[in-house]
Every structure is written in structure tokens, then in C-alpha cells.
Amino acid sequence: MLRFLFLTFLLISQLALADASLDRAHKWMAQKNTKSILKAYHEFKNLRINAIMQDNKDLRIQAVEGIVKAGRLLHINIEKYRRELIKLGGKVLPESQQSSEKADKKVSVNYLKSARWRSGYIVLSFASTVKEPQINYFLLDKKFNNHYRYIFDISAKANKYITLERKSLKAIRINTAQKDRVRLVLESAHELPLKYSRRGRELIISLGEIQEAVPTVETSYRNYSSKKKVVVIDAGHGGRDGGAVGYKRYREKVIVFQISKRFKRELEKLGYQVYMTRNSDTYIGLRNRTAFANYKKADLFISIHANSVAKKGRYQRHHGIETYFLSPTSSKRAKNVAATENSKDVETMNYFAKESFLRLLNSQKIVASNKLAIDLQRGMLGILRKYYSYVRDGGVKKGPFWVLVGAQMPAVLVEVGFVTSPKEARYLVNEKYQQRLALGLALGVKNYFKNNP
């Protein structure tokens with residue numbers, strides 16, 4: 001009876017939160033300014049994710065309708081959401097609006113040649129005349145220590161990563177990694193009277209500075225892969241928590257620590273700043289691992305583990321590499337794996353309390369974590385299968401892993417193989433295999449940042 005009441009209360013709470021989010025998004029849409037519409041767009045996207053997790057078709061339709069409407073006003077290509085709406089049986093845009101959407105898709109793509117300071121203005125020079133439909137400008141909410149973030153999304157290409165510097169600004173970023181889009185981000189501790197204008201092939205941005213005559217800062221170029229990003233690697237278990245014990249008494253905590261150290265070295269070769277949650281055989285609570293990553297302001301959190309099965313008769317059948325991202329909705333198999341990894345810190349919590357807590361914490365980073373999991377899985381398999389035909393793809397899966405809860409960045413858990421499998425365990429303790437596995441993980445990280453700068 002108590003279980004039924006708890007589930008009923010949880011369902012009612014989720015519905016109430018969804019209704020409140022919908023009302024908030026519609027109010028933002030009604031304000032009809034770019035900043036509010038952008039807020040509504042992201043709110044609708046979060047609602048869509050929650051609807052998929054809850055298997056709530058009506059909520060999903062409403063969320064996707066909102067994404068389509070807001071995205072069209074922001075000049076964002078929302079064709080995939082419109083197709084999703086058609087499949088769901090939702091309200092399809094009127095023909096006139098569809099024509100407008102198609103017109104948005106046909107906006108010509110320019111080419112960014114250079115970016116520089118000129119007499120106190122930011123000047124972006126392009127290969128052809130800059131047109132207004134090519135520019136989408138908006139101001140994000142105050143985030144990241146209450147800084148103001150001014151965004152220019154420009155329909156253009158560029159071959160190199162470009163940087164600018166300015167002491168009066170917290171940061172200037174020009175992202176050229178995405179296809180057919182250049183994003184300029186200006187971050188300031190104070191609100192700026194920012195204005196922009198088009199002059200032939202130039203986009204000229206004024207920050208409203210009083211002193212106009214300042215030295216020109218030359219544009220610098222570098223490969224995107226060398227851009228500093230912070231990655232925290234979590235070698236699972238340690239100390240009194242030995243993890244799984246497998247074939248020939250191989251211990252999980254030892255294997256994953258060896259792999260993690262190799263992984264760290266490979267990432268450092270690529271120019272990333274890397275930290276490990278443990279640098280020796282010491283015990284660290286699960287909650288303290290993501291707390292460490294948050295403290296280091298990490299861009300990624302990757303927890304390395306090795307899998308196992310309890311029954312001896314299944315040792316031969318169970319092998320393969322699996323990558324998990326945080327979600328309360330998962331298969332029975334994923335929940336069993338999570339229960340093994342979670343046992344040390346959450347054995348006193350009952351099942352429903354854990355499920356409820358996880359639902360409140362994982363919605364913001366679930367999509368980015370899913371993308372990271374896919375890139376890591378592909379990277380490992382791509383390298384290992386060149387040398388070992390035996391390697392099995394266990395897939396990318398959802399799982400309620402406590403070690404990922406609380407991470408303020410994309411976070412995944414990698415099960416590098418089964419220590420209980422006689423054949424796979426022999427690979428996992430082999431130095432060459434560990435090195436190739438580390439190379440695959442590093443390749444996955446590099447691809448993730450390339451696609452998600």
C-alpha cells in the first residue's frame with residue numbers, strides 16, 4: 001500500500017512539474033523577444049527529454065510543438081523536430097509557416113576569413129556580403145558566476161579555430177568547429193550596450209567602450225584539438241573497496257587504475273588538462289568523486305570500471321565493452337550492473353528513494369552524456385577491433401549509477417570488460433591491450449569535443 005501511494009505521489013509530482021514548465025515556456029514565448037524565446041526553446045527541449053523518459057506522449061507532443069515554434073523564430077533548423085511531430089501525430093505547422101521554415105534552411109552560408117580588433121570594435125571579415133538572415137544574435141541568462149553571455153550564431157564556415165583577447169571581457173570565444181555555423185561568444189561581468197552593424201563583407205560589433213583608440217590584437221590560429229579542456233578520470237573502487245574479483249583472482253580496482261593512468265597520459269598528449277580522483281590504492285566515497293570533478297570545473301567526468309557476473313556457469317557467455325550514462329529508466333541488466341557498482345555507498349537507501357532522487361538530478365546533462373558515451377564506445381571499438389576480433393560491443397546503455405549523480409558536466413561510466421570472463425580477463429591485464437583501450441578512450445574524448453565544442 002505504501003509503495004502504491006509513493007508511486008502515485010511521484011507521478012502526480014512529475015505531472016505538476018511538467019505543467020509548471022509548460023506554463024513558464026508559454027509565458028516566455030508570449031514576451032516575443034529573442035532572449036525570452038530562447039529560454040522557452042531550451043525549456044521545451046528539457047520537457048521533451050522528460051517526456052521521453054516518462055513515456056508521456058501528450059507531453060512530448062506539446063514539447064516538440066514548442067521547439068518547432070520557438071526554433072523557427074530563432075532561425076534554428078528544426079526540421080528533425082518537425083518530422084518527429086508528424087510521426088507523433090501532433091499539430092503540424094501551417095503551410096505558410098512551413099514555407100518560412102524552408103526559407104530559413106536556404107540561408108546562404110558565408111565564409112569567415114578573419115577576426116580582429118579595429119579601433120575598439122570587433123570586426124569579422126567574410127568572403128562575401130554579410131546578410132541579415134545569416135546572423136542570429138541573443139543574450140543568454142546570467143549564468144557561470146552571474147556573467148552576461150552575448151551570442152552571435154552566423155551562417156558561415158571557417159577552416160581554423162580563431163581566438164581574440166580583451167582585458168575588459170571575461171572571455172571571447174569564436175567556435176568554428178560546427179558545420180555551416182560560426183558562433184561568437186562574448187562573456188562579461190557587466191551588462192554591455194552592445195550593438196552590431198553590417199558593412200559590405202564585414203560584421204562590426206561595438207561593445208560601447210568609451211576609449212576607442214586601442215591597439216589591435218592580432219588573430220591567432222590553432223588546431224581545435226589543442227584547446228585546453230579539463231577531464232576528470234575516475235578509477236573505480238580502491239582501498240577497502242576492491243570491486244569485482246574475477247578469473248585468477250584478478251581485481252577490478254587494480255585493472256581500472258592501470259587503464260586510467262594510461263588513459264590520462266594519452267589525453268595529456270592531446271593537450272587536455274587531466275585529473276584523477278585517486279592516484280593510489282585508496283578508498284574514495286562515490287559522492288566525493290563527482291564533487292572533486294565539480295571542484296576542478298571539469299568539462300567531462302569519466303568513471304572506469306570492469307564488469308562481472310556472479311554465477312560461474314555464465315562466465316563464458318558474458319563479455320564485452322559497455323558504456324553507461326545516468327538515467328533512472330534502464331533495463332533489468334543495467335540495474336543489476338548499477339546495483340553492484342552502487343553497493344558501497346547506497347546500501348542503506350531503499351529502492352524507491354534512490355529512484356526518486358535520481359529523477360530529480362539527471363535531466364540537465366542526459367543528452368550530452370549520451371553523446372559522450374557513444375563517442376567513447378566507438379573510439380574503443382574502433383581501435384581494439386583492429387587487433388582483436390574477439391572484442392564484443394556491449395552497447396551504450398542507461399543506468400542509475402550513483403557515482404555519476406551530482407556531476408555538473410557530461411558524465412559516463414565505462415565497463416571495459418568482464419574480469420570474470422577467462423579470455424577477456426587475460427586481455428584486461430595485458431599491457432598492450434590496456435594501452436590500445438586507453439588510445440580508444442582518448443579518441444572518443446577528442447571526437448566528443450570536436451562535435452560538441
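**Figure 1. Salt bridges in the predicted model.** The count of salt bridges comes to 14, a salt bridge being a side-chain nitrogen of Lys or Arg within 4 Å of a carboxyl oxygen of Asp or Glu. Side chains of opposite charge can pair when their charged atoms come close. This is a predicted model, in which local features need pLDDT of at least 70 and side-chain atom pairs count only at pLDDT 80 or more, while totals for chains, interfaces and linings use all residues. Residues are numbered from 1 along each chain as its sequence is written, and side-chain values use heavy atoms, with hydrogens and water left out.

**Figure 2. The salt bridge between R48 and E84.** In this pair the closest N and O atoms are 3.1 Å apart. R48 belongs to helix α2 (residues 34-54) and E84 to helix α4 (residues 79-88), so that distant parts of the chain, 36 residues apart, are linked; helices (H or I, at least four residues) and strands (E, at least two) are DSSP runs, numbered from the N terminus. R48 and E84 are both buried, where buried means under 20% relative accessible area, exposed over 50%, and partly exposed in between (1.4 Å probe, protein chains only). A network of salt bridges links R48, R60 and E84.

**Figure 3. D153 and its two arginine partners.** D153 forms a salt bridge with R181, with the closest N and O atoms 3.7 Å apart. R181 lies in the loop between β7 (171-175) and β8 (182-188), whereas D153 lies in strand β4 (residues 147-154), so the pair ties together parts 28 residues apart in sequence. D153 also forms a salt bridge with R183, where the closest N and O atoms are 2.7 Å apart. Because R183 is in strand β8 and D153 in strand β4, this pair ties together parts 30 residues apart in sequence. D153 is buried, with a relative accessible area of 10%. R181 counts as partly exposed at 23% relative accessibility, and R183 counts as partly exposed at 24%.

**Figure 4. The open sheet of 5 strands.** The strand order is β5-β1-β2-β10-β9, and the pairing is mixed; two strands pair if DSSP finds at least two bridges between them. At the edges are β5 (156-157) and β9 (195-199), each of which pairs on one side only. Strand β1 (residues 110-118) pairs with strand β2 (residues 121-126) in the antiparallel sense over 6 bridges. Opposite A115 stands L124 in β2.

**Figure 5. Helix α6 and the residue that follows.** The 18 residues of helix α6 (residues 252-269) should span 26 Å at 1.5 Å a residue, and the end C-alpha atoms are 26 Å apart, which agrees. The expected span is 1.5 Å times one less than the number of residues in the helix. Buried residues of α6 include I255, F257, I259 and F263. Just after α6, G271 takes a positive phi of about 100 degrees.

Figure 6. Strands β15 (residues 321-326) and β17 (residues 411-418) run antiparallel and are joined by 4 bridges. The bridge partner of Y324 is L413 in β17.
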